[in-house]
Amino acid sequence: MGVIRWQLILPILIIELILIGLALFDWFRTKETNGHRWMWLFIILIINPFGPILYFLIGRKH
């Protein structure tokens with residue numbers, strides 16, 4: 001079993017957590033989304049790291 005290189009993984013984890021936090025903040029603030037609102041919450045939380053990116057690109061209603 002190899003050694004985990006935290007200096008490579010940690011920035012990716014931090015970016016992922018920031019994206020999830022921003023997406024959840026926007027989801028709680030926004031009342032209308034493209035598609036079902038609860039579906040976007042599921043996508044944000046389950047499909048990482050692409051869920052928050054998909055939410056910002058497709059899910060937001062603007």
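Biologist: Let's start with terms: buried means under 20% relative accessible area, exposed over 50%, and partly exposed in between (1.4 Å probe, protein chains only). Why is Arg29 called exposed?

Modeller: Arg29 has 54% relative accessibility, so it counts as exposed. Do keep in mind that this is a predicted model, where local features need pLDDT of at least 70, side-chain atom pairs count only at pLDDT 80 or more, and totals for chains, interfaces and linings use all residues. Residues are numbered from 1 along each chain as its sequence is written, and side-chain values use heavy atoms, with hydrogens and water left out.

Biologist: What makes Asp26 buried or exposed?

Modeller: Asp26 is at 5% relative accessibility, so it counts as buried.

Biologist: How do you know that the side chains of Arg29 and Asp26 meet in a salt bridge?

Modeller: A salt bridge is a side-chain nitrogen of Lys or Arg within 4 Å of a carboxyl oxygen of Asp or Glu. For Arg29 and Asp26 the N to O value is 2.9 Å, so the pair is a salt bridge.

Biologist: Which residue forms another salt bridge with Asp26?

Modeller: That is Arg60, with the closest N and O atoms 3.2 Å apart. Arg60 has a relative accessible area of 28%, so it is partly exposed.

Biologist: What makes the charged end of Arg37 sit over the ring of Trp27?

Modeller: The rule asks for NZ of Lys or CZ of Arg within 6 Å of the ring centre and within 35 degrees of the ring normal. The charged end of Arg37 sits over the Trp27 ring, 4.0 Å from its centre.
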